Amino acid sequence: MRIDIITVNPDLLKSPFNHSMMKRAIDKGIAEVHFHNLHDYGFGNYKQIDDTQYGGGAGMVMMIEPIDRCISKLQSERNYDEIIYMTPDAATLNQSTANTLSLKENIIILTGHYKGVDQRVRDAFITKEISIGDYVLTGGELAAAVLCDAVIRLIPGVLGDETSALTDSFQDNLLSPPVYTRPANYKGMKVPEILQSGNFPKIDTWRNEQAYQRTQQIRPDLLDE
Ligand code: ADE
């Protein structure tokens, strides 16, 4: 998978790709991530990429032309399956979206800043808009890193243990059951007997029950989906 990220602040974005699972995916050649500084497509000496908004109001709006130039250049080089815009005023990212995106070949991610982008960018270029939650970040860079992490770890061959993504929270709309490791008894806090029983069918049933109970308590909305 190739991911092209368009940003006004590439340095803010790069570090998460140099660690852990995203680095492993890149090192293995399974994922390729390219950063494009929108200022390189801006106007004049200051490489301007934003302007005041029509109709008045505080906050700058990212202009269509630099974004058009950057996206058009990328599109002249290859076809893209999705052009994603990270923005708080969109549907929230979930595991199902991450699963779907992990099967794509080439995607562009546009990160917003200030008051966001001129609506015509969204109308003309964007095929999918994603929020990572109901709160506003300073820019879309951290949101893009979150999206990439959620997607890249699902690409076949990235995770060492191929089954582990399948048992993640949310994979079947349930939160994960509790997990334990040694010691079996820590200051009187004991690991449930069932997990030490070696009876794997019973352990599976117990885990499913725990996952269901946890979901009912903490995220009952997931059970409605
Ligand atoms: N940009 C600013 N806030 C955001 C959010 N919550 N999700 C995605 N992009 C954003």
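Predicted model: local features only at pLDDT ≥ 70, side-chain atom pairs only at ≥ 80, totals over all residues.
**View 1**

A polar backbone atom of tyrosine 135 is 2.8 Å from a nitrogen atom of the ligand. For isoleucine 132, the distance from a polar backbone atom to a ligand nitrogen is 2.9 Å. Threonine 87 takes part too, with a backbone N or O atom 3.2 Å from a nitrogen atom of the ligand. On its own the ligand has 260 Å² of accessible area, and the protein covers 96% of it.

**View 1. Strand β5 in its setting.**
Strand β5 spans residues 82–86, and five of its five residues are buried, so this strand is largely enclosed by the rest of the structure. In a regular strand, side chains alternate between the two faces of the sheet. Both faces of β5 are covered: one side carries Glu82, Ile84 and Met86, the other Ile83 and Tyr85, and all of them are buried.

**View 2. The pairing of β5 with β6.**
Which sense does the pairing of β5 and strand β6 have, parallel or antiparallel? The two strands pair in the parallel sense over five bridges, with β6 covering residues 106–111. For a landmark, look for tyrosine 85, which stands opposite leucine 110 in β6.

**View 3. The loop between β6 and α5.**
Two residues deserve a look here. Aspartate 118 is found in the loop between β6 and α5 (119–124). With a relative accessible area of 16%, aspartate 118 is buried, and its side chain makes a polar contact of 2.7 Å with the side chain of arginine 120. Tyrosine 114 lies in the loop between β6 and α5 as well. Although tyrosine 114 is not a glycine, its phi is positive, at about 55°. Tyrosine 114 counts as partly exposed because its relative accessibility is 43%.

**View 4. Backbone geometry at proline 183 and lysine 187.**
Most residues other than glycine have a negative phi, and most peptide bonds are trans. Back at proline 183, the peptide bond from arginine 182 is cis, with omega near 5°. Lysine 187 lies in the loop between β8 and β9 (189–190). Lysine 187 has a positive phi of about 50° although it is not a glycine. At 71% relative accessibility, lysine 187 counts as exposed.

**View 5. Domains and chain separation.**
To finish, let us step from local detail to the layout of the chain, which is divided into domain 1 (2–152) and domain 2 (169–224). The centres of domain 1 and domain 2, taken over C-alpha atoms, are separated by 37 Å. Aspartate 11 belongs to helix α1 (residues 10–14) and is exposed, with a relative accessible area of 64%. Between the C-alpha atoms of aspartate 11 and glutamate 225 there are 38 Å, and these two residues are 214 residues apart along the chain.

Notes. Residues numbered from 1 in each chain as written. Heavy atoms only, no water. Polar contact = N/O pair within 3.5 Å; in protein donor to acceptor, adjacent residues only side chain to side chain. Areas by Shrake-Rupley, 256 points an atom, 1.4 Å probe, with all protein chains shown as cover. Domains from an automatic or database assignment. Buried < 20%, exposed > 50% of the residue type's maximum accessible area, 1.4 Å probe, protein only. Helix = DSSP H or I, 4+ residues; strand = E, 2+ residues; numbered from the N terminus. Pairing = 2+ DSSP bridges.
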